[in-house]
Amino acid sequence: MRYLLTLHMNPTLWATLTDDQKNGVYEGHGAFIELITESGEMVETKALAEPADTKTVQVKNGVAQTTNGGFVESDAFLCGYYVVDVEREERAVELAAKIPDAQYTAVEVRKVVHES
């Protein structure tokens, strides 16, 4: 079963972290990638741009309207994700707890129900 492990960042929270804590997060991602690659559970991972570099598109009355910024108005934003292939949901939760961001913010675990 594949699970999407989503990472959310709150810039205000991130700004409160020390350089050592931030470096720990960066280095922790390297270790996490190594762990899930060696175990064969890694499917993919992506880091995403901040909302300031995002475009949101909606179609109203047949016309595409584009705005700058993310769709959800919130201080926190989706900053990246991992897709893992595991035997059980419990393993996906166990892996999510190993992602360094989980020390500071939540990591969402969501089952992938369709792929093409």
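Histidine 29 is in contact with Leu7, Tyr82, Ile99, Pro100 and Asp101, leaving aside neighbours within four places in sequence; contact means heavy atoms within 4.5 Å. The model is predicted: local features need pLDDT of at least 70, side-chain atom pairs count only at pLDDT 80 or more, and totals for chains, interfaces and linings use all residues. Residues are numbered from 1 along each chain as its sequence is written, and side-chain values use heavy atoms, with hydrogens and water left out.

Histidine 29 lies in helix H2. Helices (H or I, at least four residues) and strands (E, at least two) are DSSP runs, numbered from the N terminus. Histidine 29 has a relative accessible area of 15% and is therefore buried. Buried means under 20% relative accessible area, exposed over 50%, and partly exposed in between (1.4 Å probe, protein chains only).

The largest nonpolar core holds 19 residues. Such a core is a set of buried Ala, Val, Leu, Ile, Met, Phe, Trp, Tyr and Cys residues joined through side-chain atoms within 4.5 Å. Leu5, Phe32, Tyr82, Val84, Leu95 and Ile99 touch the most other members. At least two residues of this core come from each of strand S1 (2–9), helix H2 (19–38), strand S5 (77–85) and helix H3 (89–98). Beyond four places in sequence, isoleucine 99 contacts Leu5, Leu7, His29, Phe32, Tyr82 and Val107.

Alanine 64 sits in strand S4 (residues 63–68). Its relative accessibility is 52%, so alanine 64 counts as exposed. Not counting residues up to four places away in sequence, alanine 64 touches Val57, Gln58 and Val59. The C-alpha atoms of alanine 64 and glutamate 34 are separated by 42 Å, with the two residues 30 apart along the chain.
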